[in-house]
Amino acid sequence: MKFALKVVAVTAAALCVSAAFAQKGEVVKIVRIDPLTGLLGPVGVSQLKGYQFFAEKYSGLPVPGNPGQPGNPAGVKFEITGIDNKLSPTESLNALKAAIDQGVRYVIQGNGSSVALALVDAVNKHNERNPGKEVIYLNDSAVDPDLTNSKCSFWHFRFDADTSMKMEAMGGFMADQKDIKKVYILGQNYSHGVQVAKYIKEVLARKRPDIQIVGEDLHPLAQVRDFAPYIAKIKATGADTVVSGNWGSDLSLLVKAANENGYTGKFFTYYTGVTGTPTALGTNGAGRVYQIAYSHYNMGGQMDKWMAEFKTKYNDDFYTGSTIRIYEMLGAGIAKAKSTDPVKVAAAMEGLKVTTFNGEVEMRKADHQLQQPLYMAVWQKADKKYPYSPENTGMTLAPVKEYPNYVSSTPTSCQMKRP
Amino acid sequence: MEFFIISMLNGLSYGLLLFMLSSGLTLIFSMMGVLNFAHASFYMVGAYVGYTVSGVVGFWPALILAPLIVGALGALFERFFLRKVHKFGHVPELLITFGLSYVIFELVQLIWGRIALNFRPPDLLQGPAFTLINHSVHGLRLLWGAAPAELCSAAEAGVRLVCSPFPATRGFMMLVALVMLGSVWLLLTRTRVGLVIQAALTHPETVESLGHNVPLVFMMVFGAGAALAGLAGVIGGSTFLTEPSMAATVGSVIFVVVVVGGMGSLSGAFLASVLIGVIQTFAVAFDYSLGTLAGQLGLQLGTYALGNSLIKLTLSQVAPILPYLFLVLILIFRPKGLLGTRED
């Protein structure tokens, strides 16, 4: 009897020990749903390479003494694949279904707030109807503020700074520039472009009511190849500054048309560093083109080494810093929850603070918006202080102002329903 | 003022590019009754082949060689595939060209990749062809080439000085389109080959009984149509963007041009393409919507009506779909097109 009791006790103890290390070596499958073909395909392809590059770096336990192999505290292995959604919300829902059928519990998406809004809805419904098979949606670039306000969801985590944060910083910067008098807003005609227009008007009305908004244009997403008519229109209004949330080909073709048609005003953008635009800008626009973002090309330290390694391996530039934050936060969340079950990990990631390449960032519990510093950078010639040059142009985006967490933070109206 | 001139030139250059594309399509349709769904794909192949050839021998030889290569591909397609389905009627011919467009789309991505290629125009065409300088006091002035920076910034206060450069690539596009129009017209009306082609259009059996090789004529016409699309591709690809979806973007518009201009009419295609190009370019400039129209007519609309998305829709936002609106209107009011000759 005593012997049987001892055997049972030892077995139970052994089982407990193995459960504690269950995450080590466990594979966490992630699927990225984003355009891999079409006009915005190059952006998606480049970003997927970034995810696969950093999946290796962040898998497994940390290697002591090697900051280039940070791993994660739980020792899990990250595996990431991509599914092409052709920038269409319907295709994205099919892709989500395919990922769920493959047993994937973590989904990443970023390019296209229209897709993001559809995905958030689909993930909410799926999680409600399939307890035990929940899926977490990690948003790396869709910046529509609604995703952390009216449409906030417990299952959605945003790693990019949303439009309200970026506009607050951009508006503040523009308010300090006394030579800006007439602003033209050019955007893509979907939720993101509409929100950018709305927020910049609101911020400028508050900080510099004397600035005149001389025009606003929304064009179809990823359809326009010839921006010459828009540039002609902008010139006719006499605008000295253009504010645009355009990305991918929409920004690179806009900038190309501006160069060809002799528009010499300032550009305030979100995505100058994204695939295609540095080449289209070339040496034009020095000192005139600005970008507001949560990172830039010359962050220093380990980030610089990784960017150089990425460039050598893929001959491409790495600019989606959210990739790193997702792996760090996911790794920390899994370790804190001691499990890879999405419900526990989501609860663990709320309110989590992580130290990353630009300081300490926090995943705000109220709305799942990452609180992080922002940088205003300007396009200029690469020099010794800021040497990294994207797409071999000889130019770079150099930071001119930093907005720490507490400055860039904006309030939320999210009423989150937790399971 | 310079806004009007530059916009007019932009619209004309875009319209002439459309004409280069749709002229081949309308030629093929009028000769053979085949609606070539793969025509925009030949445009795309022209751009990609032009990119590769110009990487080897330079842009100017590529301008001649790439259309010839695309024309040869078109002729071969006609000889080995299209001819076989000719006896089954028009619908199978349409289907085979439709299938060809898909095959070309995938082949292009397999050979050249899925990402847009950097097809740069030659150094001669970089920079502006001319610059319009509009000085509010001195008036409008034209300067060949690029204007130096001092001439573009206003020295005195209260003077509005605007420099509008017109890119050389667009000027070249217009030039090539006009030369091409002229030579095709001369070919069709002044040479023997052209007369045979024109006769084969309406009386193919008679022409064949006179001893002319009508199948060979058809093959040459298809090849020539494809070559015209290839030429448009080299120019369009270097001016705009060379990427796998370039066929899809122009594919629908050229059908609109052919229908609006009238099936089988070259001058109709010219008129329709220039009209569509100019109107689409100018439409971007106007921010008038139904709401503003109502306001000007004196109708008082409530805030709910003004906020309605249909009433708020401005002309500049619908500019890309204006060609399709024309298509619908032409089909309702004048189905044979503006200058159409065939009754189909």
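The following paragraphs describe chain B, its contact with chain A, and the two domains of chain A.

The model is predicted: local features need pLDDT of at least 70, side-chain atom pairs count only at pLDDT 80 or more, and totals for chains, interfaces and linings use all residues. Residues are numbered from 1 along each chain as its sequence is written, while chains are lettered from A and ligands numbered from 1 in the order in which they are written.

Chain B contains 16 helices and three strands, where helices (H or I, at least four residues) and strands (E, at least two) are DSSP runs numbered from the N terminus. Its C-alpha atoms fill a box of roughly 75 × 55 × 40 Å along the principal axes. Of its 344 residues, 43% are buried, a term for residues with 20 or more other C-beta atoms, placed from the backbone, within 10 Å of their own. Among contacts in chain B with a separation of 6 or more, 78% join residues 24 or more positions apart; two residues are in contact if their C-beta atoms, placed from the backbone, lie within 7 Å.

One helix pair illustrates the packing in chain B. The axes of helix 10 (residues 246-261) and helix 16 (residues 322-333) of chain B come within 9 Å and cross at roughly 35 degrees; these axes are lines fitted to C-alpha atoms over the stretch in contact, with angles from 0 to 180 degrees between N-to-C directions. The crossing is left-handed, the near helix being turned anticlockwise from the far one by less than a right angle. Helix 10 of chain B contributes B:Val253, B:Val256, B:Val259 and B:Val260, which meet B:Pro323, B:Tyr324, B:Phe326, B:Leu327 and B:Ile330 of helix 16 of chain B. This contact has nine nonpolar, no polar and no charged residues, with Ala, Val, Leu, Ile, Met, Phe, Trp, Tyr, Cys and Pro counted as nonpolar, Asp, Glu, Lys and Arg as charged, and the others, Gly among them, as polar.

Between the chains, the contact takes 23 residues from chain A and 25 residues from chain B. On the side of chain A, helix 2 (41-58), strand 7 (212-219) and helix 7 (228-237) each supply at least two residues, and helix 7 of chain A gives the largest share, seven residues. By class, this side has nine nonpolar, eight polar and six charged residues.

Chain A is itself divided into domain 1 (21-161 + 300-371) and domain 2 (164-293 + 374-408), with bounds from an automatic or database domain assignment. Their centres, taken over C-alpha atoms, are separated by 27 Å. In chain A, 18 residues of domain 1 are in contact with 20 residues of domain 2. Helix 2 and helix 4 (113-129) of chain A each supply at least two residues of the domain 1 side, which divides into 11 nonpolar, five polar and two charged residues.

Definitions and conventions: Buried ≥ 20, exposed ≤ 12 C-beta atoms within 10 Å, placed from the backbone.
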